[in-house]
Structures are given as C-alpha cells and as structure tokens.
Amino acid sequence: MMTITCEGRRLSFERPVAVAEALKAFELNETVPFLGAFVAGKVRGLKDMVEKDAVLRPITFQDEEGRRIYERSLRFILLMAVRRCFPDVRVRIEHSIGYGLYFNLQDRRVLQADAQLIEQHMRRIVEEDLPFVRTRWTKQQAVDYFTALGWKDKAELLRYRPFDFFTIYQCDDLCEYFYGAMLPSTGMTSAFSIRFHPPGLILQMPSPADPTVPAPYVSRPKHMATFYESNAWCKVLECRNAADLNGMIAGGGIREFIRVNEALHDKALAGIAEDIYNMNSRAVFVAGPSSSGKTTTANRLKVHLRTLGKQPVIISMDNFYLSNDQKPLDEEGKPDYESLYALDIPLFRQCMRDLLDGKKVEMPIYDFNIGGRSKETIPMTLRDHQMLIVEGIHGLNPALHEGFDKSEICKFYLSELTCLNLDDHNRIRTTDARLLRRVVRDYLTRGASPERTLSMWKSVRAGEEKWIFPYQEQADVIFNTALHYELPVMRLYAYELL
C-alpha cells in the first residue's frame, strides 16, 4: 500500500495507480478539467503512474504547466492535420502571439483556404479521440525514425542528447518528441482555431479566463514586425535551430558567430538612436518585462546617442518606489513590486517635468535593503545638450506620461524574443529565456538562490500580463534583445545552479 496526499487529505492506494485515477478518488470539486498533476513537485500526465507515497496537486488550464500540456497536445494534432492535408510540406512553429502560436508551411505559399482545411482536419482528429501513447525509444531509434521522416533538424539535435533512452509519444501513425507531458487523447483539445495570417498561420488557443473557447485574436503588428526582423537575422546568421548552434560550436565557428550577432544588434541600436535624434526626443522611456535587458540596452543606447552629440542621463524608475508599508499588497499579503502603484507616480512626474524644464531636482534613491527611500538624494539639473533615458518596467504606461507633450518623449519597448528553436516543432519560449537570464543575474549580482528567483516568478509574470504587455503596441520603437549565442553562455552558469 502507499499513501497519496492531495489538498490536505490522505488516501491509501494499491501500487501503482494512474494520476487520473488518483485524482478521481479524491472526488475534488472539478470546475475545469484536470490536465495533469504535480507529483512530488514534478509534472506528470494523467496516464502516468504513481508508484510510491507522494503529494499530488492537480494541474488545470489555470496553471502555466497545464497550458503547456494542452499546447503540446494541440501541436501534435496540428502536425497530424498538416500531414494529412499536405504530406510533403514541413511545418515550422515560430513564436507565440498573445494566446496563439504563429507557424508557417515551409516552401508553400499559404492561402486562406489552407487555414480552413487544416482546422477541419484537426477537428476530425479531435472527434476521433485518438490516444497519445507514450513509448520508450533508444536515441538511435529516434534518430533513424526522424531522419527517414525528413525531419533532419530533430534528428541532428537528438544526437547531442546525453541519454541513450527517452520518451516518445505516438498518435495514429505519427511519432513525435515534445519535451514534456501530454494529454491522454486528442479528444481533450477541442478549444482552438486556425487563423490566416500571411505569410503564415496562427493556431489560436484558449485563455486562462475561459479554457472552453479559443481566445479572441488581438492584432499586434509591431510585435510581429519585430519577429519578422529577428527571423531575417536567423537567416543571416545561418542559425535557426539548436542543432545549427551546436554544430557551429563544435566546428569552432562560435567566435565569428558572436561578432556577427553583436554587429547586428549594434547596427539596429545605431538606427534606433538616429530615429530618436531625428524625433528630437528629450526623454526616452525604456520599458520591458523582467530580464528583457532594459539596463544593458539603456547603456548601449546612451553610447549611440553620444556619437550623435547628445549626452543622455539614465534614470531608473526603481528609485521612485514607495516604501514597503505604502506599496499595494499582492495576493499573499506581500509588497507588490510589479504594480504600477508601487511607484510614487506624482513625484516621478514632477521630477521628470522639472528636469526637462531646466530646474534643479533632488532625485530620490531607493534602498532595497531597508525597503524604503534613502535619506540621501542626488541633485540633478539637465543642460541644453542633455536628455533623459528613463528605464523601468512601466515605461509605456500612460499614467507616467501625463504632463509631457507627445513630441518630447520616445516610447522604447524591448523584450527577449527568442527566435532560435530547439527544432522546427519545439520553440524556446521567450518567458523561459528571460527566466534563465534572471536566475543567473540574481545569483551573480544579488546573491539570490535559484529557488528564491523561481518562487517570485509567478508574481512577476502576473504583473507583466496586467501592467506591461497590454501597452507594448503603444511603443514608438520595439527592439529584440535576444542574442543567438546567449543560451550556451547561460548554460555555463545556470546548469549547475539548477
């Protein structure tokens, strides 16, 4: 016998028991379907077996991991449908766009009718309720299978895996590897739609607010344009998937690759600096989510603006935080650093206005060690040839721009929009890349353990969804801070930490 604990209750089971059966035995109030469970802290699918005493927590679509399980299963169905419609056409899944996934059909001009045809076939596969069967393969089996299928990108990547065996999922006549748990069958993924978005298509998924229907599509033309530019960089760098990068490292070409990558970044920032100069902007608001590279980019932008005769002064919004006893509280009753109202907005606006008007300002200093404002201040006055670079997560929020003429400010949004894939069907999530950056940064510069950084991430992500992402399309400029070589560099620091 073994004991499983779930939501404070304990039940005894014969060994082993499937996760779905264990959840059913607890007779939980299931307002939304269970998609999996955390078993002893690890993500497990509903068909996975629990074989010893464990704490079990249900995973639903409200959980990030639940949405990932749903997405993996839906991607598999997408590949099956495209294979039925166009047997010789390869799919490449590029990136997220809101609650959707942008993908293209390689070497095929996409038509409006293609969206309708693929969705029809996907719905037939859902109605068939085909099982996702988990099997154990050797690495060589997988390499041979994907090579024969023509998926050389996946076969090449698997050659680098340090394990001889791993899990493959099979559905109907197709096998695939998606780096995580799947749903038991295709019938559990009925909420989706396919949208024509030339030159590709969008697989629209539900939002956490209502998992029963696909989320409404929200157009983000600036966001998409930035991804198009970044994908063009991938072609220049001849690096679209992880296997391409691994091959470059193994072949000794990484140094030149880094130099070309840096040159592309530098060229783009130089162009942005010229645009800001021509706009005659007096203040640049640099905004973006956590670990998007705001501080680094602000300093690099400062250098480019100096070559144009400007002398920018960088100001961090962090210095305008209210003391902890004045900040709004999050759902756990802790100071909410992600909220716009954690900032002293009136003081911020007054200081920025006075600086641009040539007045002397006593700039505040926030001390994170005491959770409040330091008694010391920094006296500051802007001279005629100087301008402001204001850096902080809320830089695009209209509440901070009151009192400024639109011609005075440039709204500069940046994020880590990773365009490097693991393979054509497995993207590297931008949120995961930012989290990796933050884990390394917090450890090296703030002495914070990975556990502490990870414990804060849910709150950080909730703040981004509420306070940052809704304003990104209001930016005058969007810049992608992702560097194609950064993941292998991060690995040197993060692998042992994690």
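Colleague: Is F404 buried or exposed in this one?
Modeller: F404 counts as buried, with a relative accessibility of 12%, where buried stands for under 20% relative accessible area, exposed for over 50% and partly exposed for the range in between, using a 1.4 Å probe and protein chains only. This is a predicted model, in which local features need pLDDT of at least 70 and side-chain atom pairs pLDDT 80 or more, while totals for chains, interfaces and linings use all residues. Residues are numbered from 1 along each chain as its sequence is written, and side-chain values use heavy atoms, leaving out hydrogens and water.

Colleague: And what is the relative accessible area of F285?
Modeller: For F285 the value is 0%, so F285 is buried.

Colleague: Switching to rings, how many aromatic pairs does the structure hold?
Modeller: There are 20 aromatic pairs, a pair being Phe, Tyr or Trp rings (for Trp, the six-membered ring) with centres within 6.5 Å, called stacked if the planes are under 30 degrees apart, edge-to-face if over 60 and tilted otherwise. One of them is formed by F76 and F132, which are tilted, with 5.3 Å from centre to centre and 50 degrees between the planes.

Colleague: Where in the chain do F76 and F132 sit?
Modeller: F76 is in helix α2, residues 64–85, and F132 is in the loop between α3 (112–128) and β10 (133–138), which makes this a link between distant parts of the chain, 56 residues apart. Helices (H or I, at least four residues) and strands (E, at least two) are DSSP runs, numbered from the N terminus. Both F76 and F132 are buried.

Colleague: Back to F285 and F404, why does that pair count as edge-to-face?
Modeller: The planes of F285 and F404 stand at 80 degrees, with the ring centres 5.9 Å apart, so this pair is edge-to-face. Because F285 lies in strand β15 (283–287) and F404 in the loop between β19 (386–391) and β20 (409–415), the pair ties together parts 119 residues apart in sequence.

Colleague: Which residues make up the aromatic cluster with W137?
Modeller: W137 forms one aromatic cluster together with Y145, F146 and W151.

Colleague: Which ring does the charged end of K154 sit over?
Modeller: The charged end of K154 sits over the ring of F146, 5.6 Å from the centre of that ring, by the criterion that NZ of Lys or CZ of Arg is within 6 Å of the ring centre and within 35 degrees of the ring normal. Likewise, the charged end of R108 sits over the ring of F86, at 4.0 Å from its centre.

Colleague: Last one, where is the place of Y443?
Modeller: Y443 is in helix α11, and with 40% relative accessibility Y443 counts as partly exposed.
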